[in-house]
Amino acid sequence: MKKSLLYISLFLILILLPSHIGSPGVTLEGAAGPYNLTVVVNSPDVIPGTASVDIYTTDRGIDSISVKPMYWYAGTKGTPKSDPALPVDGEPGHYKAEVWLMSSGTAGISVNVTGREGKGEILVPVMAVSTAKKEMEASLGWTLAGLGLFLVILMTTIISLSMKDSQRDPGEKPDKKTRRKRWIGALIGMVVLILLLWGGNNWWKSWAKNYSRYMYKPYTATTEIKSSNGIQKLVFNIDSTKLESLYLTRSLNYLVPDHGKIMHMFLLRENKLDVFAHLHPTRLDSSTFETIIPPLPPGNYYVFTDVSRLSGFSETIADTVTIGEASPQLVNSWNDSLLMDVDDTYYITDPYIEDAEKEILPGGDIVICGSPGERTRLPDGSWVTLELPEEKVFRSGQLYDLTIVVDDPDGNPAELEPYLGMMGHAVVFKSDGSVYIHLHPVGSYSTASQQTMLSRFQGESGMVDWDNLPDPVIFMDSVDNYITYLNKLSDEKREEILLADMDHDYDADDPEHEGHSSVSFPYTFPTSGNYRIYVQMKRKGKILNGAFDVVVEE
Amino acid sequence: MDSTTIKAPPEVTVSTKRERQSIPVYAYATVISSISIMIGLVWDISWHTSIGRDGLLSPPHLAIYFGGILAGVFSGIRILKVSFWGNEPDKSKSLKFWGIFYGSLGALFCIWGAFAMLTSAPFDDWWHNTYGLDVTILSPPHTVLLLGMVTIQFGAMVSVLAVNNRARQREDYSQKKTANVLFAISSGFLICMIFTILSEFFGRHDMHKASFYQVASIAFPLLLVAFSRSAPSKWGATQAAFVYTLFMAVMVWILPLFPAEPLLGPVLNPITHYQAFAFPLLLIFPAIAIDLINQRTHGKNNWIKSLFFSFAFILVFFVVQYPFGDFLMSDFARNWFFGTESWYFGSNPDWEYRYSYADYMETKGLDLLIGLLIATGLGFLSSRVGLRWGKWMNNIKR
């Protein structure tokens with residue numbers, strides 16, 4: 001029963017968006033050449049449609065900002081000229097623009113800045129797909145129905161008068177035959193109009209059906225837990241047979257690593273939201289992924305996986321899984337070194353809903369869930385704080401820099417190290433399951449998407465040569481080999497490569513660099529309600545996990 | 001079957017004969033609105049293939065709205081004027097409806113068209129928000145708009161005819177020339193409209209398909225036969241086809257003179273000027289044939305006439321249009337006159353069939369023959385309806 005409820009909650013409540021769930025906007029914090037910008041793109045929920053782009057900057061000396069959409073498959077040559085982003089009155093440093101997204105697929109919003117310091121450009125990846133199925137508002141419905149009725153009555157009148165009346169000589173009075181013909185005309189008119197309306201209605205329905213068919217539909221997957229030889233494996237199988245469009249753009253054959261991993265998987269225990277695991281499954285074939293999981297406390301779990309592709313299309317594939325009580329043998333033989341990937345991590349924290357049940361995870365950390373503005377102790381003795389906004393309260397629809405400050409056990413600013421090519425990771429989850437998003441200090445966009453698009457636009461300018469894409473088997477092999485190579489490197493070396501990929505300005509010796517005791521994640525809570533934010537950082541070679549419960553007001 | 005009783009014409013006195021019947025202002029207004037709508041529509045199509053992005057108040061849209069408003073307002077005023085301030089002669093030439101109103105059939109059509117256009121606006125807006133921005137000519141809200149526009153054009157034609165038919169009855173031919181010019185324009189623009197609506201079937205790449213001739217046989221004999229039958233002149237079909245040919249060609253010549261740049265991505269074909277819509281079909285030739293047949297078959301059975309019309313239409317049209325399709329694909333047509341270099345900015349300009357027919361674009365051999373026979377059958381029915389419709393138009397007096 002619980003499993004089915006979990007499914008219902010996943011598929012009914014979730015507003016599904018490709019790369020994350022429930023957060024319609026994409027936020028990017030980065031540098032366009034010499035200018036630091038925060039860009040928020042709200043993609044249209046219907047394609048073709050217009051995306052709104054908000055650009056925030058505190059830098060001075062900017063002359064103009066322009067934006068344009070760049071499609072992965074069309075290349076730079078296929079890009080129309082830029083549109084200006086205009087300053088918003090009364091909000092210095094805020095610029096606004098609209099960008100038309102005409103086709104489905106992976107698009108990048110290119111933001112170009114010109115000013116005193118020269119020129120700069122930054123690319124925000126956007127997944128352009130139709131996600132909304134809209135109904136007509138009652139007021140418009142009634143207005144149209146009224147106008148429609150008027151048109152039907154008037155046309156019936158016209159047809160009725162056309163029959164004979166219109167052919168009467170001037171002054172000639174209508175006779176019996178004319179009157180009869182009027183009625184015949186009205187009847188014919190009615191029948192014709194009803195047939196027309198009926199045909200129109202069917203046409204409309206077929207249109208809606210066709211739209212639904214090509215609407216973005218997330219992949220579905222099945223998740224299984226298999227125990228053998230003292231280990232517990234999770235097998236994640238994606239159903240790739242029901243794709244109706246974007247066959248190559250969304251093909252699972254062309255997955256590319258994001259932060260050095262082919263897939264990022266998050267497990268969250270339903271309701272209590274107290275168990276969190278960030279795992280990196282290994283690919284068995286194009287649609288099957290496998291990972292070893294620790295003996296997690298029993299329960300129903302949400303499974304969220306993030307993947308990216310050669311086309312830059314990134315999306316979240318969600319499922320649920322029930323994990324049973326682990327046998328004592330499994331618990332006793334467990335050791336964290338059994339985890340499949342060097343960067344896998346998991347922990348348990350306070351339940352979201354208070355519960356007397358206490359669980360001990362062998363190996364896994366236990367952390368105290370914090371509240372914004374309060375200091376919370378981390379397993380290694382250091383302290384973490386989620387800063388409260390000036391207003392002392394978080395509100396939906398407002399852009400925040402969610403800032404996490406970490407102090408060492410002595411209360412001095414801690415020195416954080418990069419983890420998976422970033423200074424921190426966060427997962428925002430709404431207690432009703434309607435929001436799931438994986439955030440980075442640079443924003444909520446997929447860095448792999450950005451990378452693949454940038455390399456595509458730098459490399460060639462024309463359309464994608466569909467017929468000459470690399471052979472899927474060879475492509476998958478080379479990606480898997482690269483990931484294996486990365487995993488074999490030392491942590492330092494691996495992070496160095498990943499950081500270079502991310503184009504991050506990490507340099508601990510740079511005096512201007514503000515230091516790495518804090519991490520901030522630009523994010524806008526889409527709706528009010530209760531959220532849990534899981535944060536992940538690294539200090540002294542150890543992955544640190546924290547969690548915060550945040551109440552977001554209207 | 002198709003029997004009609006011929007009424008004795010009303011007695012024409014010298015005084016009524018002398019009472020010069022001028023063409024009312026609103027008839028001119030509706031003809032102008034028909035032109036404005038058509039210019040706006042072809043311009044709008046070019047806009048979409050060249051620039052792509054538009055707004056509610058883009059210049060081509062304004063031309064279309066202007067046409068709708070002009071026809072609606074003039075017809076509305078006319079109806080209100082006759083209904084509430086009109087004299088008996090005015091009322092005697094009008095149709096009474098809904099108990100209090102008096103209006104001509106043409107004015108009623110124009111008002112219906114204007115309201116349909118008005119209805120389509122919020123409907124279309126909702127449609128864009130629900131299923132995406134415009135990418136097609138034929139969608140339900142666009143069809144409402146097109147129906148509105150066609151009805152206005154039809155209203156314009158009927159208005160001119162009613163005046164002319166009344167004058168003819170009084171043997172007053174003083175306005176015949178003007179009436180004929182107005183009719184030629186309004187009927188020609190109606191052909192433009194129907195061609196535009198069906199243009200998805202009438203592309204250069206469709207000219208070797210049986211379906212091209214079948215769709216043409218449904219649409220054009222209906223119009224051409226009706227115009228031939230009802231025009232003030234005996235060249236009703238020819239003059240309408242001439243107006244169509246001239247207008248569509250002039251749009252091909254003029255639009256590419258103006259700069260335009262695609263504002264929507266992806267741009268696969270970067271262009272710098274407006275892309276022309278379409279060079280007109282060679283309808284003028286079957287139209288001449290239809291007029292000639294109409295002139296020579298007075299008194300013949302309508303079904304037999306329809307058979308003649310249909311055969312003539314298909315034969316002449318196929319003989320000229322099929323090879324013309326080859327010509328349009330050739331180098332000789334890639335110039336300002338024929339405008340075949342025009343290419344939607346979102347289409348790949350290096351497409352291998354840009355200037356040639358792929359196998360699947362052609363109906364060949366026996367299939368083509370059967371297809372043309374089917375087209376003749378369709379043309380037969382279309383001609384028969386055209387004859388009846390033309391007769392009706394010829395008798396409109398209100």
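In which helix of chain A does Leu195(A) lie? Leu195(A) belongs to helix 3 of chain A, residues 176–214. The model is predicted: local features need pLDDT of at least 70, side-chain atom pairs count only at pLDDT 80 or more, and totals for chains, interfaces and linings use all residues. Residues are numbered from 1 along each chain as its sequence is written.

**View 1. A nonpolar surface patch of chain A.** Leu187(A), Met190(A), Val191(A), Ile194(A), Leu195(A) and Trp198(A) make up the patch. Their accessible area together is about 650 Å² (Shrake-Rupley method, 1.4 Å probe; for residues, only the protein chains shown count as cover). Patch residues have over 30% relative accessible area and no salt bridge; nonpolar side chains (Val, Leu, Ile, Met, Phe, Trp, Tyr) are joined within 5 Å, like charges within 9 Å. Leu195(A) counts as exposed because its relative accessibility is 53% (exposed is over 50%, buried under 20%, partly exposed in between).

**View 2. The interface of chain B and chain A.** Contact (heavy atoms within 4.5 Å) links 52 residues of chain B with 47 residues of chain A. About 4700 Å² is buried between them, 70% of it from carbon and sulfur atoms (accessible area, 1.4 Å probe, that two parts lose on being put together, summed over both). Trp112(B), Trp126(B) and Tyr131(B) lose the most area in chain B, together 14% of what that side buries.

**View 3. A salt bridge between Asp169(A) and Lys397(B).** The closest N and O atoms of this pair are 3.4 Å apart. The rule (side-chain nitrogen of Lys or Arg within 4 Å of a carboxyl oxygen of Asp or Glu) finds three salt bridges across the interface of chain B and chain A.

Notes:
Chains are lettered from A and ligands numbered from 1 in the order in which they are written. Side-chain values use heavy atoms; hydrogens and water are left out. Helices (H or I, at least four residues) and strands (E, at least two) are DSSP runs, numbered from the N terminus. Buried means under 20% relative accessible area, exposed over 50%, partly exposed in between (1.4 Å probe, protein chains only).
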